[in-house]
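Work through these exercises with the structure open beside you. Try each task before you read its solution.

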Amino acid sequence: MLSGWREVTARRPWRISAKLLIISSVVTVIGFSAICVNVMLDMRRGEEALARQTLENLATSIESDVSRNIEIYDLSLKAVASNMLLPELATVSKPIRHLILFDHATTARHFGAIQVFDSEGRLAIDASTLDPLPENRSEEDYFKVHRDNAEAGLFISRPRLFRGAYSIVLSRRISDTDGGFLGVVAGSIRFSYFHELFERLSLDPEDTITVLKRDRTIMMRRPFDLDVIGTNLNDRRAWKPDNLPIGASYSGQGPVDPTARLYVRSGGSGPLFVVAGKPLAAVFALWQKEALRIGAVVLVLALFVLGSTLVLAREIGRRAEAERKLEEMATTDALTGLKNRRKFDSVIDVEWRRAMRQKAPVALLMIDADHFKAYNDTFGHQAGDQVLVGIAICISDSVSRAGDCAARYGGEEFAVLLPTTSAIDAFKIAETIRAKVQGWSDDPVTLTVSCGVASLIPTAGMDWSVLVAAADKALYAAKAGGRNQSVVASVPQLSLAA
C-alpha cells in the first residue's frame with residue numbers, strides 16, 4: 001500500500017521527540033556525573049594537599065629539633081678541640097683539666113660522654129671519668145676520616161653500638177696550629193633521644209619517620225627496625241635521589257617496605273634530613289567514604305533519571321502509535337486499505353501547491369471498475385467487495401513511489417495522484433494497472449477497469465479541481481470508447497487521446 005511515507009511522516013515527530021528525550025537525559029546524566037567526578041577529584045587533591053602540608057610540617061619540626069641538638073653538641077666538640085691546644089693543659093691536674101675541657105660541654109641523658117683520642121687512636125681523656133680504661137679507636141671510620149682529611153669538619157658516623165647503647169657518633173678533628181693531626185674528639189647521641197622524640201608525636205601505627213644523612217644513610221626510623229638502620233639507599237637502585245628531592249613529595253611504594261605512602265622530605269640544610277610518610281589508604285580514607293557516598297547517590301539518581309526517561313519514551317511511543325492508528329483509521333478506506341477521499345483531497349492540495357512552486361507536472365489517474373453494478377448484482381456484495389480489494393491490490397502493486405497517493409475515490413472509483421509525472425509516464429502506469437486487473441480476474445464475467453489520465457503544470461490562479469475534471473473527462477471517454485482502456489486528457493484544451 002502507498003501509506004508508507006505518510007505513516008513515517010506521522011510517526012517521525014514522536015520518534016524524534018523520544019530520541020531527543022533519551023539523548024538529553026543521557027547527556028544530562030553524563031554531565032552531572034562529570035561534575036561529580038571533578039568535584040571528587042578536587043576533594044582528593046585537597047586531602048592529598050592537606051596530608052602533604054601536615055607531613056611537611058612534621059618533617060620540618062623533627063629536623064629542626066634534631067639539627068638544634070646536633071648543633072649544640074657540636075659546639076661542645078668544637079670547644080674541647082679548641083681547648084686541647086692550650087699549652088697549660090699539660091701542667092694542670094686531671095680535675096682541673098676536666099673542668100677546662102668539659103665545663104661548657106652539653107650534658108643530657110641522651111648524650112654520651114665526650115672522649116678525646118690521640119693521634120694513634122688511643123683514648124686519652126674521657127669526660128665521664130678521670131681514669132678511663134684503655135681503648136683504641138684507630139680502626140673506626142670516624143677516626144680514619146679525620147686522620148685522612150683535615151677538612152672533614154663535623155663527621156656523623158653510621159648508627160652503631162657505642163659504649164653499650166645504639167647511637168650515632170659525632171666527631172671532630174684536633175689539629176695543631178700548622179694543621180697537623182693531633183687526634184679526634186668524639187661524642188654520641190643515643191637512639192633513646194629519637195625514641196623519646198617520636199613518642200611525643202601523635203602518629204598512626206603505619207606512619208613512618210626516617211632520619212637520614214646527606215649520603216642517604218638511614219640513621220633512625222620509626223617504626224624501629226635494626227635491619228633497616230644503617231642501610232644506604234644508594235645501594236637500592238630502584239630508589240633514586242630524584243624520587244624525593246629536597247622539599248618535595250612522592251606518592252607510591254617506598255624503599256623499605258611495599259606499603260604505598262605519601263612521603264615528604266624536609267627542606268633544611270643540616271647534616272641530617274627527615275622524611276615523613278603516611279599510607280595513601282589513610283590519606284584518602286575519609287575521601288573514599290565521601291566518594292562512595294556521593295557516587296552511590298549520583299548512581300541512584302542517574303538510574304532513576306534514565307529509568308524515568310525510558311518509561312516516558314515508551315509512553316511517548318505508545319501515544320505516537322495510538323495517534324498513528326487513529327490517523328490511519330481516519331484517512332484509510334476500511335475495505336481496500338487505500339487512502340480515503342478526505343485524505344486524498346488533503347494530499348492533492350499539498351502536492352498541487354508544491355508543483356506550483358516548483359513548476360513541475362502533477363498527474364492524476366481516475367480508475368473505474370467496468371460493469372461493476374452488474375457484477376455486484378449477479379454475484380452479491382461480498383464478491384463485489386473482493387473485486388474492489390483486488391483492484392486496490394493491483395493499484396498498490398503498480399504505484400511504488402513514496403510521494404504517490406492511491407485512494408478509493410468513491411464506490412467502485414479509484415484515484416491515483418502522481419507528483420512530478422508527465423502524461424506519457426502516467427499513461428504507462430495506467431496501462432500497467434489495467435493489465436494487472438485484467439490478468440488478475442478469473443471470474444466467468446471478465447472484470448476490467450477503465451482509466452482516465454491527466455497531467456499538467458499548475459499555474460497561478462489554477463485550482464486542482466481542473467486536474468480532477470480533466471481526468472474525469474478522460475475516464476468518461478474511456479468508458480464511452482468501449483471500456484478496458486486508458487485515455488489521456490489533453491490539457492487545457494481537454495482533447496482526448498487513447
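**Exercise 1. Salt bridges**

How many salt bridges does a search of the whole structure find? Then examine the pairs R341 with D345, R353 with D349, and K479 with D370.

Solution. 

Step 1. Note that this is a predicted model. A search of the whole structure finds 33 salt bridges. Side chains of opposite charge can pair when their charged atoms come close.

Step 2. Take R341 and D345. Their closest N and O atoms are 3.4 Å apart. The cut-off for a salt bridge is 4 Å, so this pair counts. Both residues lie in helix α7, which covers residues 341–358. They sit 4 residues apart, about one turn of the helix.

Step 3. R341 has a relative accessible area of 38%. D345 has 23%. Buried means under 20% and exposed means over 50%, with partly exposed in between. R341 is therefore partly exposed, and D345 is partly exposed too.

Step 4. Take R353 and D349. Their salt bridge has an N to O distance of 3.3 Å. Because they are 4 residues apart in helix α7, about one helical turn separates them. D349 is partly exposed, at 27%.

Step 5. Take K479 and D370. Here the N to O distance is 3.0 Å. This pair links distant parts of the chain, 109 residues apart. K479 is in helix α11 (residues 465–480). D370 is in the loop between β12 and α8. Both K479 and D370 are buried.

Step 6. Look for a network. Salt bridges link D65, R68, E196 and R200.

**Exercise 2. Nonpolar cores**

Which residues of the largest nonpolar core touch the most other members?

Solution. 

Step 1. In soluble globular proteins, nonpolar side chains tend to be buried together.

Step 2. Find the core. It holds 55 residues, and I168 and F194 touch the most other members. Helix α1 gives the most to this core, with 12 residues.

Step 3. Look around I168. Leave aside neighbours within four places in sequence. The contacts of I168 then include I156, P159, F191, F194, M219 and L272. S157, G187, S188 and I189 are also in contact with I168.

Step 4. Find the second core. It is separate and has 27 residues, among them F414, A426, A430 and V488.

**Exercise 3. Two residues compared**

Is V283 buried or exposed?

Solution. 

Step 1. Read its area. The relative accessible area of V283 is 6%, so V283 is buried.

Step 2. List its contacts beyond four places in sequence. V283 is in contact with E47, E48, A51, L262 and K278.

Step 3. Check a distance. V283 and L50 are 233 residues apart along the chain, and their C-alpha atoms are separated by 9.0 Å.

Step 4. At 16% relative accessibility, N340 counts as buried.

Step 5. List its contacts in the same way. N340 touches A330, T331, T332, D333, A407 and R408.

Step 6. N340 and I246 are 94 residues apart along the chain, yet their C-alpha atoms are separated by 89 Å.

**Exercise 4. Confidence**

Where in the chain is confidence lowest, and where is it highest?

Solution. 

Step 1. Start with the whole chain. The mean pLDDT is 87, and 93% of the residues reach 70 or more.

Step 2. Confidence is lowest in strand β17 (residues 495–497), at a mean of 43. It is highest in strand β14 (residues 413–419), at 96.

Step 3. One covers residues 1–14, for which the model has 27 contacts beyond four places in sequence. Another covers residues 493–498, with 16 such contacts.

Technical notes
Residues are numbered from 1 along each chain as its sequence is written. This is a predicted model: local features need pLDDT of at least 70, side-chain atom pairs count only at pLDDT 80 or more; totals for chains, interfaces and linings use all residues. Side-chain values use heavy atoms; hydrogens and water are left out. A nonpolar core is a set of buried Ala, Val, Leu, Ile, Met, Phe, Trp, Tyr and Cys residues joined through side-chain atoms within 4.5 Å. Buried means under 20% relative accessible area, exposed over 50%, partly exposed in between (1.4 Å probe, protein chains only). Helices (H or I, at least four residues) and strands (E, at least two) are DSSP runs, numbered from the N terminus. Contact means heavy atoms within 4.5 Å. pLDDT is the predictor's confidence in each residue, from 0 to 100. A salt bridge is a side-chain nitrogen of Lys or Arg within 4 Å of a carboxyl oxygen of Asp or Glu.
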